Amino acid sequence: MSLASDEAALVEAARAGSSAAFGELVARHQQAVRGFLRRICRNWADAEDLAQDTFVAAWENLGKYSAGSSLRSWLCGIAYHRCLTYMRGRSRSAARDAAYSDANDAAPAPSGDDRMDLTAALAGLPLDQRAAVVLCLSAGFSHGEAAETLGLPLGTVKSHVLRGKAKLMEALDGRS
Amino acid sequence: MVGPDDDALDPRLAAFFAADEPPARDPVFEGQVAQRLDVRRLLSALMDVVPWVAAAIGLTWALWPAVFATLSAVFGFLGVWGPLGLATALVGATVWAGWRYGLFDFLEDAI
């Protein structure tokens with residue numbers, strides 16, 4: 001049985017109420033969802049809470065998932081919208097500053113200047129741009145998958161990734 | 001890791017992203033999600049039972065004058081324990097019906 005059809009069977013079983021099937025889906029996709037949230041939230045504790053919220057929301061809305069589409073993309077889309085709500089709940093003007101300071105509080109201690117510069121540069125990107133960069137550069141999403149996940153036009157995602165990557169490289173190379 | 005549309009990533013950038021990567025399997029996280037889902041299922045099951053319990057209480061209240069008269073004639077010793085016994089029997093029957101039709105199946109996973 002191929003991975004896709006295996007996953008489709010798990011989704012069907014989860015929809016029918018199987019805790020074990022949904023648990024297996026969580027196990028398979030938790031790394032992608034948590035990694036995505038850690039990188040865009042920059043606060044690991046909040047990212048873990050949002051990741052749990054994401055899977056609970058996914059369980060409640062399994063009926064809305066279209067069989068045949070990427071489950072990973074669907075889950076990251078839920079995670080992204082959870083993060084949007086989370087960010088809007090905080091002061092808009094302080095969101096980036098708080099994310100940067102939280103990164104220093106909650107993330108592991110920076111191992112070097114590169115990490116500090118990249119942390120600051122990534123935190124300085126708007127959330128949608130940050131999300132596009134994280135999905136395409138670290139999570140292995142294509143531009144098309146990222147556009148579907150984030151609900152953005154393909155051209156916008158390409159532009160976000162290009163500019164976001166340029167800013168990160170500028171943070172790296174500008175220091176040296 | 002890079003997406004299929006991107007060129008190879010600068011190693012420093014790759015290392016930066018890799019530092020945030022969670023483990024491929026994390027039983028602690030998976031257990032936390034499972035616990036939250038169990039609570040959701042319990043609340044959902046309780047909400048499903050509420051209308052039945054309300055109906056049982058309403059039925060008891062509506063029928064009690066007639067039932068009490070009959071029960072008193074047959075079982076004179078019931079006294080004040082009659083309403084409690086009948087309500088308990090009705091609630092118990094409701095819970096049994098819920099269990100019988102699988103409303104609480106998820107508890108088997110939680111236990």
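Student: What share of the 111 residues in chain B is buried?

Tutor: The share is 23%. Keep in mind that this is a predicted model.

Student: What share of chain A is buried?

Tutor: Chain A has 176 residues, and 51% of them are buried. The accessible surface of chain A is about 7500 Å², with 53% belonging to carbon and sulfur atoms. Chain B exposes about 7500 Å², and there carbon and sulfur atoms supply 71%.

Student: How many helices and strands does chain A have?

Tutor: Chain A has nine helices and zero strands. Its pattern along the sequence is α-α-α-α-α-α-α-α-α. Chain B has four helices, again with zero strands, and reads α-α-α-α.

Student: Where in the sequence do the contacts of chain A reach?

Tutor: Take the contacts between residues at least 6 apart in chain A: 64% of them join residues at least 24 apart. In chain B, 55% of the contacts with a separation of 6 or more come from residues 24 or more positions apart.

Student: What makes up the contact between the two chains?

Tutor: Chain A gives 45 residues and chain B gives 31. The two chains bury about 3500 Å² between them, and 57% of that lies on carbon and sulfur atoms. On the chain B side, Phe16(B), Asp20(B) and Phe29(B) lose the most area to chain A. Together they account for 19% of what that side buries.

Student: Why quote an area for an interface?

Tutor: The accessible area lost when the parts come together is often used to give the size of an interface.

Student: How do you know that Arg39(A) and Glu21(B) form a salt bridge?

Tutor: Check the distance. The closest N and O atoms of Arg39(A) and Glu21(B) are 2.4 Å apart. The cut-off is 4 Å, between a side-chain nitrogen of Lys or Arg and a carboxyl oxygen of Asp or Glu. The pair therefore meets the rule. Across the interface of chain B and chain A, the rule finds seven salt bridges. It finds 17 residue pairs in polar contact there as well, both residues at pLDDT 80 or more.

Student: Which helices of chain B supply at least two residues each to the side that touches chain A?

Tutor: They are α1 (11-18) and α2 (27-74). Helix α2(B) gives the most, with eight residues. By type, that side of chain B divides into 15 nonpolar, two polar and 14 charged residues.

Student: Why does the salt bridge of Arg12(B) and Asp173(A) count as joining two chains?

Tutor: Start with the geometry. The side chains of Arg12(B) and Asp173(A) meet at 2.9 Å, N to O. Arg12(B) sits in helix α1 of chain B and Asp173(A) in helix α9 (residues 154-173) of chain A, so the pair joins two chains.

Student: Why is Arg12(B) called partly exposed?

Tutor: Its relative accessible area is 29%. Buried needs under 20% and exposed needs over 50%, so 29% falls in between. Asp173(A), at 39%, is partly exposed too.

Student: How many salt bridges are found over all chains?

Tutor: The search finds 15. One pairs Arg72(A) with Glu145(A), with the closest N and O atoms 3.7 Å apart. That is within 4 Å, so the pair qualifies.

Student: What does the pair of Arg72(A) and Glu145(A) tie together?

Tutor: Arg72(A) is in helix α4 (residues 71-89) and Glu145(A) in helix α8 (residues 143-150), both of chain A, so the pair ties together parts 73 residues apart in sequence. Arg72(A) is partly exposed at 23%. Glu145(A) is partly exposed at 24%.

Student: Why is Met87(A) called buried?

Tutor: Its relative accessible area is 11%. The limit is under 20%, so Met87(A) is buried. Met87(A) lies in helix α4 of chain A. Neighbours within four places in sequence aside, it is in contact with Ile40(A), Cys41(A), Leu127(A) and Arg130(A).

Conventions: Residues are numbered from 1 along each chain as its sequence is written. Chains are lettered from A and ligands numbered from 1 in the order in which they are written. This is a predicted model: local features need pLDDT of at least 70, side-chain atom pairs count only at pLDDT 80 or more; totals for chains, interfaces and linings use all residues. Side-chain values use heavy atoms; hydrogens and water are left out. Contact means heavy atoms within 4.5 Å. Buried area is the accessible area (1.4 Å probe) that two parts lose on being put together, summed over both. A polar contact is a pair of N or O atoms within 3.5 Å; within protein, one must be able to donate a hydrogen and the other to accept it, and residues adjacent in sequence count only if both atoms are side-chain atoms. Ala, Val, Leu, Ile, Met, Phe, Trp, Tyr, Cys and Pro count as nonpolar, Asp, Glu, Lys and Arg as charged, and the others, Gly among them, as polar. Buried means under 20% relative accessible area, exposed over 50%, partly exposed in between (1.4 Å probe, protein chains only). Accessible areas come from the Shrake-Rupley method with a 1.4 Å probe; for residues, only the protein chains shown count as cover.
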